[in-house]
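Hi,

Here is the structure I said I'd pass on. Have a look at it first, and then read my notes on the pockets below.

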Amino acid sequence: MTFTVESLAPAHAAYLIVHTGDVTASDMRAAGKQVHDLVAGAAPVHVLSDFSDATNLPGAIEMLNLIEQLEATGIGAGFRQALVWPDNDEARLDMDVWRTAETNRGLQAKAFGDRESAL
């Protein structure tokens with residue numbers, strides 16, 4: 001497992017996912033499921049996904065499949081995600097695919113250089 005999930009309440013109305021190392025599509029699905037289970041249908045859903053210590057991310061095709069799966073959950077307009085860019089350049093390109101695909105599907109995603117800015 002290359003991730004942790006925690007609530008940032010009461011300081012922030014958001015959930016924090018921290019990804020480290022070699023992140024797989026399965027890891028990203030499992031992290032998303034944990035957040036989904038924690039919010040239990042509540043809206044809006046605000047997620048801060050920190051990939052700064054990720055060394056590898058799923059490729060573009062896997063990222064697009066993950067977005068389709070996320071969209072199929074019906075998470076919709078209340079979903080907001082702040083992404084902290086990975087330090088690794090290749091992982092950063094894969095993350096840009098994720099951010100762009102989310103935005104193109106009407107989900108709110110924005111990338112930041114560090115966790116403080118993302119909060």
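Which element gives the most to the lining of the largest pocket? That would be α1, with eight residues. Before going further, keep in mind that this is a predicted model.

Now for the rest of that pocket. The largest pocket has a volume of about 400 Å³. Its lining is made up of 22 residues, and M28, R29, G32, K33 and L70 are the closest to the centre. Besides α1 (25–39), the elements that give two or more residues to this lining are β2 (15–22), β3 (45–56), α2 (60–72) and β4 (79–84). Sorted by class, the lining of the largest pocket comes out at 13 nonpolar, seven polar and two charged residues.

Then there's the second largest pocket, which holds about 220 Å³ of space. Here 15 residues form the lining, and those nearest the centre are H46, V47, R80, A82 and A118. Two or more residues each come from β3, β4 and β5 (108–112). The largest share of this lining belongs to β5, which supplies four residues. As for class, the lining of the second largest pocket splits into nine nonpolar, four polar and two charged residues.

Cheers

How values were computed: Residues are numbered from 1 along each chain as its sequence is written. This is a predicted model: local features need pLDDT of at least 70, side-chain atom pairs count only at pLDDT 80 or more; totals for chains, interfaces and linings use all residues. Side-chain values use heavy atoms; hydrogens and water are left out. On a 1 Å grid over the protein atoms alone, a cavity is a set of points where a 1.4 Å probe fits but cannot get out, and a pocket is an open set with protein on both sides within 12 Å along at least five of seven lines; lining residues have an atom within 4 Å of a point. Grid points are joined across faces, edges and corners, and a volume is the space filled by probe spheres set on the points. Ala, Val, Leu, Ile, Met, Phe, Trp, Tyr, Cys and Pro count as nonpolar, Asp, Glu, Lys and Arg as charged, and the others, Gly among them, as polar.
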